[in-house]
Amino acid sequence: MTLRKFAGLGALLSIVMPSLAMAADEVAAPVLNSGDTAWMLTATALVLFMTIPGLALFYGGMVRSKNILSVMMQCFAITGLISILWVVYGYSIAFDTTGMEQGVVNFNSFFGGMGKAFLAGVTPASITGPAALFPEAVFITFQMTFAIITPALIVGAFAERMKFSAMLIFMGIWFTLVYAPIAHMVWSGNGGLMWDWGVLDFAGGTVVHINAGVAGLVACIVLGKRKGFPTTPMAPHNLGYTLVGAAMLWIGWFGFNAGSAAAANGTAGMAMLVTQIATAAAALGWMFAEWITHGKPSALGIASGVVAGLVAVTPAAGTVGPMGALVIGLVAGVVCFFCATSLKRKLGYDDSLDAFGVHGIGGIVGAILTGVFAAPALGGFGTVTDIAAQVWIQCKGVGFTVIYTAIVTYVILKVLDMVIGLRVTEEEEAVGLDLAQHNERGYNL
């Protein structure tokens with residue numbers, strides 16, 4: 001009888017144990033979260049909306065009428081070019097962690113491997129995210145939209161004078177040697193240079209805005225001033241487009257910042273709130289600074305203030321509290337106003353649409369103040385306990401990005417200038433890039 005009981009128990013276990021093992025495997029396996037997936041799909045569309053049509057309209061309205069199509073064309077062409085380069089090797093350079101080890105500085109601390117080139121191994125079943133909750137394909141596309149808008153921002157610095165062919169080649173090389181490596185250093189995880197330093201950059205203050213702003217400053221200096229600048233009036237031809245574009249950027253930025261939580265959770269909700277607060281504060285800060293300084297507030301000024309606030313809160317969106325966002329936005333609005341007006345006039349560089357004055361300066365202000373207001377002692381939600389130490393880390397990240405981007409951008413531009421030339425002729429510039437480069441007019445009367 002006893003032997004039969006043991007035999008029966010053995011038979012039962014032989015049936016139950018494989019089932020338990022299978023159940024354990026099922027529990028351990030990552031399970032796609034439909035809510036997170038839906039939010040990330042939405043956020044991805046919002047970020048793409050920032051470039052086309054948002055940035056295209058924002059920049060297009062600020063140039064002269066003879067150059068509106070050239071600026072919009074550049075935004076669309078960059079969207080196509082970077083999408084393909086991201087798929088071929090950009091995603092791999094930025095996020096492949098092969099050879100990386102926390103605390104160890106090697107080649108892969110700066111440059112990702114090629115294990116994900118041509119999106120090798122990515123299938124509909126591939127899942128990723130902080131808790132492996134949404135498709136890797138969505139993450140790839142979300143990050144692709146960041147890679148698209150960053151070089152597109154640079155366009156604002158050299159608008160109205162760069163050859164379209166030179167622009168395309170420059171953007172492809174710059175994306176490869178500057179954007180993707182900086183993204184890797186900041187966001188790839190343990191073993192990434194600036195990740196290991198502890199640099200806080202939630203949604204791209206360093207990776208996107210300082211990167212693009214500094215590259216834009218170098219580009220406008222290397223190309224030289226527009227013909228007639230600063231004595232010839234070069235007023236924006238359609239500020240209505242610029243305001244519409246700024247509104248699209250404001251809306252799309254919720255995908256940019258809240259989407260960087262990579263989940264539909266409390267962090268995303270707070271990122272959305274602080275983005276709105278900082279943007280509103282910066283818009284008012286710029287408006288009142290201009291009102292006091294020049295006697296009247298302008299539509300271009302408040303649109304620029306909006307973008308300055310969006311830029312500045314970007315690195316802080318996941319760790320700053322509402323009052324910290326208010327301060328960051330206000331400071332960014334005032335500082336960017338003076339840098340885009342007084343500083344630019346004093347130094348004499350022709351940053352056509354203030355890519356450096358808004359994105360470069362706004363990114364620097366936001367990155368440094370993130371180290372202050374991420375501290376719980378000041379209402380933040382980060383893990384900062386030593387504000388001075390974190391500010392130093394943020395300054396290191398800013399300094400490295402500025403130096404690396406400036407040097408590599410300068411070398412790329414100088415080589416291209418020697419090989420194919422960067423700038424259109426004086427005659428083409430006088431006619432306008434719409435006709436000279438694309439044989440079209442923005443307006444046919």
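Helix α11 has 15 residues and reaches 22 Å from its first C-alpha to its last. That is close to the 21 Å expected at 1.5 Å a residue, with the span taken as 1.5 Å times one less than the number of residues. Helices here are DSSP runs (H or I, at least four residues), numbered from the N terminus.

This is a predicted model: local features need pLDDT of at least 70, side-chain atom pairs count only at pLDDT 80 or more, and totals for chains, interfaces and linings use all residues. Residues are numbered from 1 along each chain as its sequence is written, and side-chain values use heavy atoms, leaving out hydrogens and water.

Twelve of the 15 residues of α11 are buried, so the rest of the structure largely encloses this helix. Buried means under 20% relative accessible area (1.4 Å probe, protein chains only). Among these buried residues are Gly301, Ala303 and Val313. The buried residues pack against α2 (34-62), α8 (205-223), α9 (239-258), α10, α12 (322-347) and α13 (355-373), where contact means heavy atoms within 4.5 Å.

Now take α10. The axes of α10 (residues 266-294) and α11 (residues 299-313) come within 7 Å and cross at roughly 140 degrees. Axes are lines fitted to C-alpha atoms over the stretch in contact, and angles run from 0 to 180 degrees between N-to-C directions. Residues of α10 including Val274, Trp286 and Glu290 meet residues of α11 including Ile302, Leu310 and Val313.

Finally, Gln390 is found in helix α14 (residues 387-419). At 11% relative accessibility, Gln390 counts as buried. Gln390 touches Gly198, Leu200, Gly371 and Val384, not counting residues up to four places away in sequence.

How values were computed
Helix = DSSP H or I, 4+ residues; strand = E, 2+ residues; numbered from the N terminus. Buried < 20%, exposed > 50% of the residue type's maximum accessible area, 1.4 Å probe, protein only.
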